[in-house]
Amino acid sequence: VSLPDVAEEEGYIHYVAHASFLIRSHRGLNMVTDYTGFTGTLPFIPDVVTMNHAHDTHWTAFPDPAIPHVLPGWGELGKGIEHRVELGEVLVRNVSTDIRSQWSGVEEKGNSIFVFEMAGLCIGHLGHLHHVPDAEQFAALGRLDVVMAPVDGGYTLSLPEMIRVIKRLRSSIVIPMHWFSDVALGAFLRGMEGEFSVVQVGEPSLTVSRSRLPSRPTIMVLRPAYLNVPR
């Protein structure tokens, strides 16, 4: 059992669970977002894991020491962290944002939006975003062709604020994540009606490429599934 082959100039995205995705390059680099230490029963060691520490469902204190690149989205309190990891066909970088602390205050630069530049695409993961990015942060992000956006409507941003962020980003593909029920997901999709097409993929994964980006901004709804060895 192995992960799928990826054609040149393509990227493979698999929605694992909650806010965790596997992103795989054409040469077989495996990157897992908001890594909790568990992706399923399929044995593999990711090349890169990114983490955010708003809640323990977004990180682990004990990542496998065999993982070459473990990238926390936070640094020393209030100072954030900066990552720029060149891996040949992939560049991984981040933009720091603030989060609400567990004591209801604000931890400045305690979250990261991670960006994966590969196959001519910029793929962004908003992490546990708690505020609308400012102009400097939007500029640092640049154009995201694909974005994974938390659409729970309360634990992160309110739905009106998240919709504003997504419309400002103008991404070709939006993948909803961090939704706790179909009710929350449905509320987000209704809020996006009109300007965005909606595709119910019906599966946990899709392959993206610059040449096949939709001409109209499109929400691709993936159904999460762990990476398990087939029975």
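Eight strands line up in an open sheet in the order β6-β7-β8-β9-β10-β11-β14-β12, with mixed pairing. Strands here are DSSP runs of E with at least two residues, helices are runs of H or I with at least four residues, and both are numbered from the N terminus. Two strands count as paired if DSSP finds at least two bridges between them. This is a predicted model, where local features need pLDDT of at least 70 and side-chain atom pairs count only at pLDDT 80 or more, while totals for chains, interfaces and linings use all residues. Residues are numbered from 1 along each chain as its sequence is written, and side-chain values use heavy atoms, with hydrogens and water left out.

Val174 stands opposite Ile219 in β14. Helix α3 packs on this sheet and touches β11, β12 and β14, with its direction at about 165° to that of β14. Contact means heavy atoms within 4.5 Å; axes are lines fitted to C-alpha atoms, for helices over the stretch in contact, and angles run from 0 to 180 degrees between N-to-C directions.

There's also an open sheet of six strands, ordered β5-β4-β3-β2-β1-β13, again with mixed pairing. Its edges are β5 (69-72) and β13, and each has a single partner strand, so one side of each is left without a neighbour in the sheet. The twist averages 15° from one strand to the next. Here β2 (residues 20-24) and β3 (residues 30-32) pair antiparallel over three bridges, and Arg24 faces Asn30 in β3.

Now the charged pairs. Side chains of opposite charge can pair when their charged atoms come close. The whole structure holds six salt bridges, a salt bridge being a side-chain nitrogen of Lys or Arg within 4 Å of a carboxyl oxygen of Asp or Glu. The table lists some of them.

| Glu76 | Lys79 | 3.7 Å |

Burial is judged by relative accessible area with a 1.4 Å probe, protein chains only: buried is under 20%, exposed is over 50%, and partly exposed is in between. Glu76 and Lys79 are both exposed. Asp182 is partly exposed at 46%, and Arg223 is partly exposed at 30%. Asp182 belongs to helix α3 (residues 182-191) and Arg223 to the segment after β14, so this pair ties together parts 41 residues apart in sequence.

Finally, the overall picture. The chain has three helices and 14 strands. Its C-alpha trace spans about 45 × 40 × 35 Å along the principal axes. Of its 231 residues, 54% count as buried. Among contacts with a separation of 6 or more, 55% come from residues 24 or more positions apart. The chain exposes about 10,600 Å², with carbon and sulfur atoms supplying 51% of that; the areas come from the Shrake-Rupley method with a 1.4 Å probe, and for residues only the protein chains shown count as cover.
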